[in-house]
Amino acid sequence: MFTGIVEEIGSITNAQKQPSGALGLTISASIPFVNALHVGDSVSVSGCCLTVVDRATVSGGSFRVELVEETQRLTVPRWFAGSDVNLEQAMRAGGAFGGHFVSGHVDGVAEVVGIDLTPGSSALRFRAPRRLAGQLVSKGSVTIDGVSLTVVDVGGPGGSQPDWPAADFSVALIPHTLAATTLGALRSGDSVNLETDLIAKHVERVLALRETGHG
């Protein structure tokens with residue numbers, strides 16, 4: 001479990017396909033971040049919960065993770081050398097909780113469809129897969145590339161922007177978030193890993209079961 005509060009930006013330094021089909025990644029990060037990791041720990045890499053399989057602090061810090069084929073299929077294809085990624089260690093008992101409950105299980109890929117750069121606050125508009133539209137609500141929580149954010153507007157019936165497509169939503173980013181995460185480098189047409197709010201998923205499931213007489 002994570003909170004969506006990114007600790008630092010790391011960089012993929014090596015990506016190698018394994019005989020099993022898994023993709024092995026070596027990610028460089030600060031020595032303090034790597035020192036806090038142990039083999040077997042969970043770590044959020046741009047919103048994707050992965051397991052640390054190796055770590056090293058010789059001549060800098062780095063750790064290794066592996067992505068199974070299913071994870072590769074469901075996430076943004078950014079898993080190549082030179083790509084920057086948002087990093088967060090798993091939440092520890094008694095630690096500060098500044099974001100929201102983030103599982104690290106990516107629900108789908110969203111596309112940047114609009115950027116409004118305003119001094120002090122930048123608004124980004126995304127288009128999610130249609131199947132996730134019901135899990136997005138104005139003032140609710142959403143995770144974009146591992147970053148916990150608050151939804152500002154949503155489209156479609158019952159949304160704050162009914163003229164937008166139902167799967168469209170927007171968030172506002174302060175200068176610190178733009179500087180401390182990879183979101184500051186996003187451009188229109190880019191893709192991001194999207195995780196919707198855990199509570200919204202449960203509510204949608206309960207309602208669906210009731211509507212079909214199974215709840």
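Glu70 and Arg73 sit 3 residues apart in helix 2 (residues 69-74), so about one helical turn separates them. Helices here are DSSP runs of H or I with at least four residues, strands are runs of E with at least two, and both are numbered from the N terminus. Their side chains meet in a salt bridge, with 2.9 Å from N to O. A salt bridge means a side-chain nitrogen of Lys or Arg within 4 Å of a carboxyl oxygen of Asp or Glu.

This is a predicted model, in which local features need pLDDT of at least 70 and side-chain atom pairs count only at pLDDT 80 or more, while totals for chains, interfaces and linings use all residues. Residues are numbered from 1 along each chain as its sequence is written, and side-chain values use heavy atoms, leaving out hydrogens and water.

**Salt bridges overall**
- Searching the whole structure turns up 4 salt bridges.

- Glu70 is partly exposed, at a relative accessible area of 42%. (Buried is under 20% relative accessible area, exposed is over 50%, and partly exposed is in between, using a 1.4 Å probe and protein chains only.)
- Arg73, with 58% relative accessibility, counts as exposed.

**The Arg78 and Asp145 pair**
- Arg78 and Asp145 join their side chains in a salt bridge of 2.8 Å, N to O.
- Arg78 lies in the loop between helix 2 and strand 6 (84-89), and Asp145 lies in the loop between strand 9 (141-144) and strand 10 (147-154), so this pair ties together parts that are 67 residues apart in sequence.
- Both Arg78 and Asp145 are buried.

**The Arg125 and Asp168 pair**
- Arg125 makes a salt bridge with Asp168, and their closest N and O atoms are 2.8 Å apart.
- This pair links distant parts of the chain, 43 residues apart: Arg125 belongs to strand 8 (residues 121-127) and Asp168 to strand 11 (residues 168-173).
- Arg125 counts as partly exposed at 24% relative accessibility, whereas Asp168 is buried at 0%.
- Arg127 joins in too: Arg125, Arg127 and Asp168 are linked in a network of salt bridges.

**Around Thr26**
- Thr26 is part of strand 2 (residues 23-29).
- Thr26 is buried, with 17% relative accessible area.
- Leaving aside residues up to four places away in sequence, Thr26 touches Ser11, Ile12, Thr13, Asn14, Ser62, Phe63 and Arg64. Contact here means heavy atoms within 4.5 Å.
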